[in-house]
Amino acid sequence: MGKYVGIDLGTTFSAVAYIDEKGNPIIIPNKQGENITPSTVLFGGKKPVVGSVAKRKSITDPKNYEAFAKRHMGEKTYNFTAKDGETYRAEEISAIILSKLKSDSEEFLGEKIEGAVITVPAYFGDPQRQATRDAATAAGLKVLDIINEPTAAAIAFGISKNVGKAQKVMIYDFGGGTFDVSILDIDDNSIKVIATNGDHQLGGYDIDKAIVDYVKEEAKEQGLDVDSDIKALQNLMIQAETAKKELSSDDSTEISIYVKGEDLTVELDRETFEDLIETILDTTIGVMQRTIDEANLEYSDIDKILLVGGSTRIPIIQSLIEEETGIKPSSEVHPDEAVAIGAAYHAVDVVKQMASGEFDTSSSTGDEKEKIDVNSDDVPDLEKNYSFKDVTSHGIGIVVYNSDEDRLYNSVIMEKNTEIPAEVVQEGYSTSAPYQECIHLQVTQGESDNLDYVTMIGDAELKVRPRENIVPLRVIVSCDRDAIIHVRAIDMDENIDLGEVSINREKHNMTEEEVRAAATRINKLNIGD
Ligand code: ADP
Ligand code: MG
């Protein structure tokens, strides 16, 4: 016996769910009895502490506290350095968080977790998805699948409601660290993402910061400098979040902290709070407009707006959305739990498919995903299940030389929001000089033709047979169901495949050996006990 779960590994809060024998979704509480666990780690004790205890204790030891690892997933150069000098990659911090989630869940269920579906933001590119997989492996979790957060929320919505005929649903997900908008087509058994967009540096945390800045200003007037007292500042960060939550139900609140031994109390009413966060909220509305435009839709085409993410509890957000769209947003799914629940439903589906050999574990790169032994007797039969189609969250292109203008630019080949899996063939490229021996193919991620605004995700020197004429080239970009990109070039004269550009994983991700070392390191920490 074992259990299969869905894990929403959020920027600020994470959640775990499973589907019980009767087919009901159950959120698995952590050891503290909470349905969601802060994605935070505090070092400095005998072993790292995770979650609300870490958050609370961070006040007295802010330098040993890491709260934003998810923002750094897939950044090879990022390291958190604890006070004892030990360093941790973002994947390792995430693995520590996942270890707690795994161990608390196993204790609650009284069974081992045999596999998990983990969700990631739709905008996560290949390196961040791989990093998430690596974090799970380092935490001793078998990954059944990685799916997008809005898709998971849509599954939770679709399974719990009778959707009937196809609906266009917009998911407005305002969490702690990020803001995402997705537009999907949902009916009773399929979900198709039409467009997705987001601001990855905008979330409840920024709202807390707006409160912090306000309190700092008020403190200055009383001759107190919060910045000069790092513990007071950390305490203020935590209290600002509590105050913000209170203002979702109360008209006013108070923040009290000690700054260098002096007592500071600042009052904050809802109206002032709403003024403080106006620009942040306007940004979310702007992203909504952009997403609608990119989907070639009008608000009137949208049947439903679903609110997801803890920050959507702020009452003014709901009225702003209604003002902008004419649609009253719906709270039909639980803002904190829908993503984990959707992932749990998908886990059931994957287990059944794996058991019957239908699940496609290969990707066209040939890097076979880990084979997992599953037992479909451990999952219930569901009345409904969902198939889904996602879209690319970035444009993919190559660097091209424009001889007329004597400049390099980005030529997008696969547009953003292309339904995956997909393949796009683009002609009209060529070598730039006679007798050229090789082409330097550089693969980009981004929408702009200006190279300053795109990311280089891979490059390769591809050999061409030198000849008198300029060689016409065809470039093929494909994206498999895991959002993994492949780019190859064809010599059109001789109809020869010149080879594939490998997307440089090693630039962003841990090697297999590093993942194994991380697993050993995390395991030794005994996070669960
Ligand atoms: P993420 O998925 O990005 O980790 P969540 O969806 O869990 O985030 O949302 C967490 C955010 O929601 C935090 O910034 C938290 O302070 C905020 N939040 C939770 N409850 C409320 C509330 N009642 N009012 C306002 N903000 C809230
Ligand atoms: Mg979230």
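Reply: Asn417 counts as buried because its relative accessibility is 16%, where buried means under 20% relative accessible area, exposed over 50%, and partly exposed in between, with a 1.4 Å probe and protein chains only. This is a predicted model, in which local features need pLDDT of at least 70, side-chain atom pairs count only at pLDDT 80 or more, and totals for chains, interfaces and linings use all residues. Residues are numbered from 1 along each chain as its sequence is written, chains are lettered from A and ligands numbered from 1 in the order in which they are written, and side-chain values use heavy atoms, with hydrogens and water left out.

Asn417 lies in the loop between E20 and E21; helices (H or I, at least four residues) and strands (E, at least two) are DSSP runs, numbered from the N terminus. Although Asn417 is not a glycine, its phi is positive, at about 65°. Pro421 is also found in the loop between strand E20 (407–414) and strand E21 (422–430). The peptide bond leading from Ile420 to Pro421 is cis, with omega near 0°. Most residues other than glycine have a negative phi, and most peptide bonds are trans.

Tyr435 has a positive phi of about 60° and is not a glycine either. Tyr435 is exposed, because its relative accessible area is 53%, whereas Asn417 is buried.
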